[in-house]
Amino acid sequence: MSAQPADHVPVPPYAPAPGAAAELRALLRADRRADTWVPAFERDWAKALEDARDSFSLTPLHEVVRTWQLRVAAAPAVDAFMDSGRDESGFVDLDDVLGARG
């Protein structure tokens, strides 16, 4: 087994780039959904910062960035579906099928 220097902490391969949160915030501000997305992102980011401080881990911050990157990436597909004119009114609510859960 090889030893690594004590100050070397490996970065997981799934960690976002250091500037990813700032780039993401800029994308959200430029989007037509900015009025709802920017406050939601900032709320998620503030909670992740608090969790990161408590846990001494960057994982909560990475999770927020990855989640919002996926939302931004999925937005065009959601828009296309909504613009397709498909009528979703005929579907049954899952709660009506399963009844009260809890």
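Biologist: Is Leu94 buried, partly exposed or exposed, and why?
Modeller: Leu94 counts as partly exposed, because its relative accessibility is 49%. The cut-offs: buried is under 20% relative accessible area, exposed is over 50%, and partly exposed is in between, with a 1.4 Å probe and protein chains only.

Biologist: What should I know about the model itself?
Modeller: It is predicted: local features need pLDDT of at least 70, side-chain atom pairs count only at pLDDT 80 or more, and totals for chains, interfaces and linings use all residues. Residues are numbered from 1 along each chain as its sequence is written, and side-chain values use heavy atoms, leaving out hydrogens and water.

Biologist: Which helix holds Leu94?
Modeller: Helix H4, residues 94-98. Helices are DSSP runs (H or I, at least four residues), numbered from the N terminus.

Biologist: Switching to the inside. How many residues has the largest nonpolar core?
Modeller: 17, and those with the most contacts inside it include Phe41, Trp45 and Trp68. Helices H1 (20-30), H2 (34-55) and H3 (59-83) each give two or more residues. H2 has the largest share, eight residues. Core members are buried nonpolar residues joined through side-chain atoms within 4.5 Å.

Biologist: What does Phe41 touch, sequence neighbours within four places aside?
Modeller: Ala21, Leu24, Arg25, Leu28, Val64 and Trp68. Contact means heavy atoms within 4.5 Å.

Biologist: Now charges. How many salt bridges are there?
Modeller: Seven, counting a Lys or Arg side-chain nitrogen within 4 Å of an Asp or Glu carboxyl oxygen.

Biologist: Which ones involve Glu42?
Modeller: Arg25 is one partner, with the closest N and O atoms 3.7 Å apart. That pair links H1 to H2, 17 residues apart. Arg29 also pairs with Glu42, at 3.4 Å. Arg29 lies in H1 and Glu42 in H2, so this pair ties together parts 13 residues apart in sequence.

Biologist: What about Asp79?
Modeller: Asp79 meets Arg32 at 2.8 Å, N to O. Asp79 is in H3 and Arg32 in the loop between H1 and H2, so parts 47 residues apart in sequence are tied together.

Biologist: Why does Arg32 count as exposed?
Modeller: Because its relative accessibility is 64%.
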